[in-house]
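Here's a quick tour of the aromatic rings in this model. Have the viewer open as you read.

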Amino acid sequence: MQTRGRNSGSNVLFNVWAVCCLAKISRTSALAALPSAPHLPSSLLAAIHSSSLRSPSSLSILPLTACRVLLPVSWSAGPSYPASWRIAPGSRGRTAEPALGFRPLARMSGGASMSATEDGAESPRVESFAAPKTPVLNPDVSTYQDLLDKKAQRVRELFGERLSVPLHVQASKPINYRMRAEFRIWHVGEECHYAIFDPQTKRPIFVEQYPLACERINEVMNDLQAAFKEDHMLRHKIFQVEFVASTSGEALVCLVYRKKLDDDWMAAAQRLSAKLGEGGNKCHVVGRSKGKKVVVGSDHVVQWQEIDGKSYPQWQTENKFSQSNAGICNTMQNWVLEQLKGPDGQRASDLLELYCGNGNFSLPLSSIFRKILATELDKFSVRAAVACAKEADVDNLKLAFLSSAETAEAFDKVRPFRRLQDAGVDIDDYNIQTILVDPPRAGLDAASLELTKKYDEIVYISCNPAKLQVELESFTEHRIVSAALFDQFPYTDHAEVAVVLRRSPP
């Protein structure tokens, strides 16, 4: 069999368990078949016939904890890989991962960014704006601008004649743009590996560095991996980790376990926080297990954004939505602000914002509107926005714990809400002429859509352009006056689109 790699004699690091899964054979069959394989090293025979692999308690397929062995490439019944590539235990050969880096995109299984016709030409499709289906691990930065140009063209074709204004296209940093990342922890004996699952093959891909994440996250990934090797308490029964960082270098690590977090774990977590915070940049540690959350330091990092000459804080935490691309987030904030400024930079009217999150747009827009009423259903996000407004000396912003549908009911006088009273909000005191909505992928619910249509000026920020295109059909009295594409996730099909609509004169 022809081999790929530096030379045909290179050995590939295989897990016996993975080999048996590939061949779909039982342990008994494996024991019978492997000794007859050509060039079988004696170390393999010893491992297979060891008591740990032949014990009655072992599964019919070799267990995940089976020892690793070196097999010649020429023996494997499947695709061969360079010796530096690692097969994730339990995965198929096509999800092999470079041991010291990442496989090229060309080797990624599954979804291309665009659909292809039989003649090889690429054609746009609505579903191309769905969430990315294949992890992007080793992007070719030289292709970035071309991919972005194609994404922008698909957006233009999607909206067609409805988009009669130029589409502003905002590029991202090609690498190191993500301020958060989440991995499963895959255990192989006493070793822990960061793993990403390919949604199409359902197989794990081992990663040691993540070039799309910021430098601080990659630094913490290295240090945490070393801590796992040194401290059994930290690695025992851990199954997930999430990293969050700010552009100032502050970081947070959330460790998720299938065990109780006791005093011994707390002591280990405190040591870890001190270790990861060496060099002057704080690193908080959050531990989670069933029904319990333990915090060492803080449960969030603070991301400061410069908008129109003023700095605004944002709380970023684990297990909650926030903009992961800090650079693109900042350009979105500035773009929206510029679109809504009045002739002298100010507005005499008020703004209503639905799905305000942690105050991402509310805080900077407070500088140009008379008053803002912002609503959000997530309690942590509301608490974060209130705290950040106080820190930024914003006093014309009211935040209420309401869903978008409840906000529509409140404005339609369907029923009163005690939560509005608690927030010190009297709807009749507002002169709202502009509404900003930033809904999830599902778009606006029916009540929120009807409420949005009532206003003369609408800012709609969508992470699902296909859904936005459908909902725009309801805005028969409005026209798009400005539009932008923000590339939140380079090398994927994801497109973040913002449009400003104004009611057409009668």
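## Ground rules

Buried here means under 20% relative accessible area, exposed means over 50%, and partly exposed is in between (1.4 Å probe, protein chains only). The model is predicted, so local features need pLDDT of at least 70 and side-chain atom pairs count only at pLDDT 80 or more, while totals for chains, interfaces and linings use all residues. Residues are numbered from 1 along each chain as its sequence is written, and side-chain values use heavy atoms, with hydrogens and water left out.

## Ring pairs

There are 9 aromatic pairs in the structure. Rings of Phe, Tyr and Trp (its six-membered ring) pair if their centres lie within 6.5 Å; planes under 30 degrees apart are stacked, over 60 edge-to-face, and the rest tilted.

One of them is Tyr194 with Phe243, edge-to-face at 5.9 Å between centres and 75 degrees between planes. It ties together distant parts of the chain, 49 residues apart: Tyr194 is in strand S9 (residues 191-197) and Phe243 in strand S11 (residues 238-245). Strands (E, at least two residues) and helices (H or I, at least four) are DSSP runs, numbered from the N terminus. Tyr194 counts as buried because its relative accessibility is 1%, and Phe243 is buried at 1% as well.

## Charges over rings

A charge sits over a ring if NZ of Lys or CZ of Arg is within 6 Å of the ring centre and within 35 degrees of the ring normal. Arg258 does this over Phe239, 4.0 Å from the ring centre. Lys371 has its charged end over the ring of Tyr430, at 4.3 Å from the centre.
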